[in-house]
Amino acid sequence: MKIVIADDYQDCVRHLDAFKQLEGHDVTVYHDTLTDLDALSERFKAAEALVLIRERTPITAALLKRLPNLKVISQTGGGAAHVDIPACRHHGITVMTGTGSPYAAAELTWGLVLAAMRHIPAEVENLKAGRWQRTLGTGLKGRTLGVFGYGKIGSLVARYGQAFEMKVLVWGREGTLQRASDAGIEVAQTQADLFQRADVLSLHLRLNDETRGIVSAESLAQMKPTSLLVNTSRAQLVAPGALEQALKAGQPGQAAVDVFDAEPLLADSLLELPNLVATPHLGYVEKDSYELYFGDAFSNLLAYINGQPINNLAS
């Protein structure tokens, strides 16, 4: 089968143990991301199967119309919101999803917390430039960690906060509040209460119509000037332009983010702010996660090719 793997930024997929599953197939791997419809359709036109790395390339109805050879899409991870499922059904294209793991994203989240609170990136650059001790960091012990969304990742981050002897405060939907309460974790009175009290506030919500823009400019203005907002979930949880405006106003005092409205992001005024620590969507980009994600994606694809039952069908 002609298989195309898109958006392998680091050229790492073919070096995974899981990649051996595709031996004997005609596999093409691309390392850059295209957004132009003509260029994408030209790149994918011979593909019978697409393996997608999370949400890096949206698969739209307009694109699918121009891919007459495409039979199957195998998605890494469990979500396929970036794939037009009804259009796939219309064209007879099977869409399969896999499983994921919360650990890599939770670990990166905590890395960003430490990096921002102790000004680690700035002090690394200071030291390399011959400057010694230019900032005064803030410790975590005794401070309040706000967790907005107590799911698989949010619950891990809450445990990390407890290990650092932080007070943990949770807010979210009814299920979140119940899970946090069952775990003996304090639940905020309201969303505003969470934003007002947190010294570190970490977002761990799924992006959907209900949560899009749920963090408004007004929400951010309620945060302490000494506080840190962390977002390793989805940029669109924050209202457009609100984070940059808030950081310039100094409430919150800092932000650490791993996600952006448009990716890959190579230049933006947000990145120029001195009170921002940013990473290029590395949450799930880790060896064990990739072996899991691609192992599932390739196993699903082989099951499809061999006419075997598939566990996770999106369409």
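**Close-ups of the aromatic pairs**

**View 1. The span from residue 11 to residue 313.** Residues 11–313 have end C-alpha atoms 28 Å apart, and the span is 34% helix and 14% strand. Helices (H or I, at least four residues) and strands (E, at least two) are DSSP runs, numbered from the N terminus. This is a predicted model, where local features need pLDDT of at least 70, side-chain atom pairs count only at pLDDT 80 or more, and totals for chains, interfaces and linings use all residues. Numbering runs from 1 along each chain as its sequence is written, and side-chain values use heavy atoms, leaving out hydrogens and water.

**View 2. F148 meets F195.** Searching the whole structure turns up 8 aromatic pairs (Phe, Tyr or Trp rings, the six-membered one for Trp, with centres within 6.5 Å; planes under 30 degrees apart are stacked, over 60 edge-to-face, the rest tilted). With ring centres 6.0 Å apart and planes at 90°, F148 and F195 are edge-to-face. F148 sits in strand 6 (residues 144–148) and F195 in helix 8 (residues 191–197), so this pair ties together parts 47 residues apart in sequence. Both F148 and F195 are buried (under 20% relative accessible area, using a 1.4 Å probe and protein chains only; exposed is over 50%, partly exposed in between).

**View 3. F294 and F298 in helix 11.** Here's a tilted pair: F294 and F298 are 5.6 Å centre to centre, with 45° between the planes. The two share helix 11 (residues 287–305), 4 residues apart, or about one turn of the helix. F294 and F298 are both buried.

View 4. Ring pairs join F19, Y284, Y290, Y293, F294 and F298 into a cluster. R54 lies over the face of Y284, 4.7 Å from the ring centre (a charge counts as over a ring if Lys NZ or Arg CZ is within 6 Å of the ring centre and within 35 degrees of the ring normal).
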